Amino acid sequence: TKLFSARRSCTTCPYCGVGCGVAATRESSPATGEEVIRIQGDTQHPANFGKLCVKGSSLADTLGDQGRLLTPQLHGEECDWDTAMEFAASRLRATIDEHGPDSVAFYLSGQLLTEDYYVANKLMKGFIGTANVDTNSRLCMSSAVAAYKRAFGADAVPCNYDDLDEAELVVLIGSNAAWTHPILFQRMQAAKAKLVVIDPRGSVTTEMADLHLAITPGSDAALFNGLLHYLTESGALDQRFIDNHTENFADTLYAAAEWTPEKVAKYCSVDLEQLLEFYALYSRTEKTVSFYSQGVNQSSTGTDKNNTIINCHLATGRIGKPGCGPFSITGQPNAMGGREVGGLANMLAAHMDFTEDNIDRVGRFWSAAKMAQGPGLKAVELFDAVESGQIKAVWIMATNPAVSMPNARRVAAALKQCPTVIVSDCVGDTDTARCADLLLPATTWGEKTGTVTNSERRISRQKSFLPKPGAARHDWEIVCDVARRLGFGEAFAFESPADIFREHAALSGFENNREQARRAFDISALANISDQEYDFLTPVQWPVNGAHPQGTPRLFGDGDFYTPSGRARFIAVQPQCPKQETRDEYPLILNSGRLRDQWHTMTRTGRARKLLDHSEAPELHVHPQEASKFGIEDAQLVRVASEKGQFFGRARITASQKPGQLFAPIHWSDSLAHNATVSALAIPFTDPVSGQPELKQVAVKLEPL
Ligand code: SF4
């Protein structure tokens with residue numbers, strides 16, 4: 001068929017935090033009228049230079065109206081937008097009037113665009129007057145945020161993807177990057193850096209590594225305390241950097257001193273020779289990147305673990321230089337953008353904490369009606385408050401907490417008895433949507449326009465190339481409509497995402513100077529861009545301000561940090577075991593994670609046949625020794641139970657697991673298969689600093705069915 005028209009949009013992949021550029025082309029045939037969407041990697045985008053993984057390259061197969069929520073639904077009945085918006089606004093107003101602002105909450109998502117996030121955060125923290133606005137990013141990277149803030153004084157990722165090209169050693173910690181961040185893994189492989197993987201289980205990533213340390217789950221902090229001790233003993237410290245640019249080194253070294261290689265090897269259950277091989281390699285390789293992800297973060301001590309990794313980079317001065325740095329990789333496409341606007345309950349806006357000065361500053365900038373006066377409830381606390389009745393109205397946007405939260409079935413039960421549950425989503429039948437009083441149809445990838453920020457602080461455009469389906473609206477439009485009905489019309493009179501972005505950029509630079517606590521996140525150079533400049537914004541790394549109008553590829557090259565003293569802080573850490581320990585009744589540890597071809601709860605990737613072919617049903621990975629002990633055959637249906645819930649799956653007997661450990665994918669849920677929600681088993685223990693829940697180590701028992 002001869003194609004007569006082709007329209008190309010450069011946008012960004014909606015899946016992982018790599019943030020690959022995607023070129024979407026709409027092509028149509030005069031003969032059939034049929035329209036085809038062609039997806040290719042954007043060769044100009046610096047994250048991927050034209051490459052896409054299987055999920056990204058299958059995006060065209062996930063488009064279409066099937067399963068989409070196309071009209072608002074109130075108590076299961078279709079309604080018009082006016083009715084839906086009046087219901088939302090009147091319920092929020094009545095709840096606030098009767099029970100105060102802290103009786104309402106928003107739960108957002110790293111799938112939202114920055115502009116959506118910005119207006120939701122502004123409405124809650126500046127106009128409703130509560131900070132009960134948290135996000136599923138809490139489950140993903142909040143410990144990395146907390147650790148960066150402790151060490152650098154700001155949630156500021158020092159590195160960029162070019163550092164992976166230049167590194168001679170990449171240490172992957174708690175990451176199966178070959179599957180979860182495939183384009184970055186390909187870059188590491190192309191660069192031919194030595195790869196060391198620290199992960200309790202074997203994976204495709206460990207198969208391609210030069211060295212795999214299969215540590216005991218949760219023992220990372222001891223491993224890196226031991227590394228700090230080794231670096232000291234082997235004369236590998238950068239004493240000049242320590243003296244001139246850091247503080248608290250002596251206390252940190254004191255805490256690490258007991259972690260001799262012998263003690264670490266025993267504690268982490270790794271071979272001493274292999275451990276020393278890693279330590280020696282790290283010690284002699286100047287260009288080292290530590291690349292870490294959910295295996296480190298999803299822990300009751302995730303912040304401490306992050307800081308032990310950062311400590312080793314500070315001790316060797318391996319930060320702010322090409323090919324070096326502690327590099328936390330986000331799971332979601334816009335976890336970073338959400339952090340930037342204040343999407344976490346403990347942050348105000350533009351990376352500002354809840355200090356008196358900042359509350360006043362942001363209040364003046366917004367001309368706020370009622371400012372939140374302190375941090376709100378973090379994800380686990382937020383749903384606990386829904387259960388206890390303290391939260392009486394919750395609005396959940398673009399996420400599925402009834403599947404993803406620890407003790408997920410209890411979260412679903414809590415939502416079912418909550419007086420007002422509003423859910424905005426692009427799909428209508430999720431475990432969370434089933435708990436909603438009001439369902440609001442939202443646009444999704446391909447239909448929305450705005451910005452996202454990837455793991456290297458790079459802001460890229462997402463662009464629409466498809467019309468809104470049915471009656472769906474953009475999330476920012478829905479929030480602004482409710483804000484107007486609550487009486488805040490003037491502050492939410494945005495006409496486009498570009499309008500919102502300009503205000504967000506202006507706030508980031510508002511009174512940002514050293515005297516008033518300099519902030520890392522500053523994109524004030526973009527505050528006055530035109531609609532056309534916004535439309536053609538080339539991917540750029542923040543800060544983007546007067547000092548760095550073209551953006552900032554790498555931070556801390558000048559040894560100047562965002563702490564009050566300008567020095568980076570070492571953090572002394574006493575390693576602690578995971579809270580969920582095995583015992584007689586629950587003798588095994590269940591780990592969980594992503595598969596190569598699926599994303600989150602499969603609402604999008606589950607539509608593509610090609611992606612489902614990789615793994616059609618939830619499987620439980622079991623070591624042969626455990627299989628024999630519990631009388632389990634390969635492919636047999638098994639039951640895994642914790643004190644919180646149960647999970648059914650088919651056993652896959654594999655030596656990639658260590659004896660005593662199991663692995664299950666996170667993607668399936670009870671609405672897709674019987675007892676398939678793996679998060680339902682987790683006890684919601686959280687990290688005391690970040691509030692991130694311990695999802696990777698759940699004490700369980702196993703039996704054949
Ligand atoms: Fe999308 Fe991540 Fe794959 Fe890139 S690596 S195409 S961002 S899923």
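Two residues are counted as in contact if their C-beta atoms, placed from the backbone, lie within 7 Å. The structure described here is a predicted model.

The domain assignment divides the protein chain into domain 1 (5-62), domain 2 (73-140 + 334-494), domain 3 (142-329) and domain 4 (588-704). Between the C-alpha centres of domain 1 and domain 3 the distance is 35 Å. Their contact involves 8 residues from domain 1 and 8 residues from domain 3. On the side of domain 1 that touches domain 3, 5 residues are nonpolar, 2 are polar and 1 is charged.

Helix α18 spans residues 379-388. This helix is largely enclosed by the rest of the structure, because 7 of its 10 residues are buried. The buried residues of α18 are Ala379, Val380, Glu381, Leu382, Phe383, Ala385 and Val386. Their cover includes the strands β6 (104-108), β7 (133-135) and β14 (393-397), together with the helices α19 (401-404) and α20 (408-417). Just after α18, Gly389 adopts a positive phi of about 95°.

Ile459 belongs to strand β18, which runs over residues 458-462. A residue is classed as buried if 20 or more other C-beta atoms lie within 10 Å of its own. Ile459 has 27 other C-beta atoms within 10 Å and is therefore buried. Leaving aside residues up to four places away in sequence, Ile459 touches Thr451, Thr453, Pro539, Val540 and Trp542. Ile459 and Ile523 are separated by 64 residues in sequence, and their C-alpha atoms are 10.0 Å apart in space.

Notes. Residues numbered from 1 in each chain as written. Predicted model: local features only at pLDDT ≥ 70, side-chain atom pairs only at ≥ 80, totals over all residues. Helix = DSSP H or I, 4+ residues; strand = E, 2+ residues; numbered from the N terminus. Buried ≥ 20, exposed ≤ 12 C-beta atoms within 10 Å, placed from the backbone. Domains from an automatic or database assignment. Nonpolar A, V, L, I, M, F, W, Y, C, P; charged D, E, K, R; others polar.
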